[in-house]
Amino acid sequence: MIKTSSKTEALSGKIRYTTDMQKLKSDPLKRDKDGRTEAMRWIIEKKMEPPLEMRHETTLHDDNGMTMAMLWIEFVRTEPPEWMRHDATLKDSDGWTMAMLWIGYVQTDPPKWMRHDITLRNNNGVTMAMIWVANAKTDPPEWMRHNNEVADKEGNTMVMHWIKEIKTEPPVWMRHDATLVDNNGWTMAMLWIQFVKTEPPEWMRHDIKLTNKNRETMAMI
């Protein structure tokens, strides 16, 4: 026979459990310290679709600006369920769209519904094509390509990203004026010498007297 005190403890525990479940069902938007809802945490921890009672507006985001779909891409790395999808141009706090996150984490061509204007940038001025070069380390899909002189906030063009990340001669369509420099005054040839550590290809060469902001010529690098 269960003692009265034990019965009371067991009953109170059951009541607390029931109350917690009721709160969960009645307040699916309750946030944790990172601003994440139950559905967001479910995606991160279980890597599967949250139960119906947890689901909420698709554009709600955590403190990092990440929506359920964005978290799905980062942690599950497959296409988010249809009900979870939102405007492809919506960005997180770092300016990353779903397509950018897809390229960064999945490293394949983003699904068509996820694609957006190829000139859209994140907070560092980086485009999808630049992210592709840095992460997929191959030539970006044709639909993703933009003007080859477009640069990020540090002045890096796609070619410059290519030289730093892939360390081979970039595709012909990506090449630009050999005298174009990044924010530190580095040309493609200077970056080639720094990262590839061989003689720059002939098309990449420029006046040997040209210097970067540290007054270094190609020979000094």
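Tutor: The answer below begins with the basis of the values and then turns to the charged pairs.

This is a predicted model, in which local features need pLDDT of at least 70 and side-chain atom pairs count only at pLDDT 80 or more, while totals for chains, interfaces and linings use all residues. Residues are numbered from 1 along each chain as its sequence is written, and side-chain values use heavy atoms, with hydrogens and water left out.

Side chains of opposite charge can pair when their charged atoms come close. The structure holds 11 salt bridges, a salt bridge being a side-chain nitrogen of Lys or Arg within 4 Å of a carboxyl oxygen of Asp or Glu.

One of them joins R41 to D32, with 3.4 Å between the closest N and O atoms. R41 is buried, its relative accessible area being 18%, whereas D32 is partly exposed at 26% relative accessibility. Here buried means under 20% relative accessible area, exposed over 50%, and partly exposed in between, with a 1.4 Å probe and protein chains only. Salt bridges also link D32, E38 and R41 in a network.

A further salt bridge brings together the side chains of D62 and R36, at 3.1 Å from N to O. Because D62 lies in the loop between α2 (38–46) and α3 (68–75), and R36 in the loop between α1 (4–26) and α2, this pair ties together parts that are 26 residues apart in sequence. Helices are DSSP runs (H or I, at least four residues), as strands are (E, at least two), and are numbered from the N terminus. Both D62 and R36 are buried.

D109 and R115 form another salt bridge, their closest N and O atoms lying 3.4 Å apart. D109 is partly exposed, at 31% relative accessibility, and R115 is partly exposed as well, with a relative accessible area of 25%.

A charge may also be placed over an aromatic ring. The charged end of K46 sits over the ring of W42, 4.9 Å from the ring centre; the criterion is that NZ of Lys or CZ of Arg is within 6 Å of the ring centre and within 35 degrees of the ring normal.

In summary, the pairs described include D62 and R36, which are both buried, and the pair of R41 and D32, in which R41 is buried and D32 is partly exposed.
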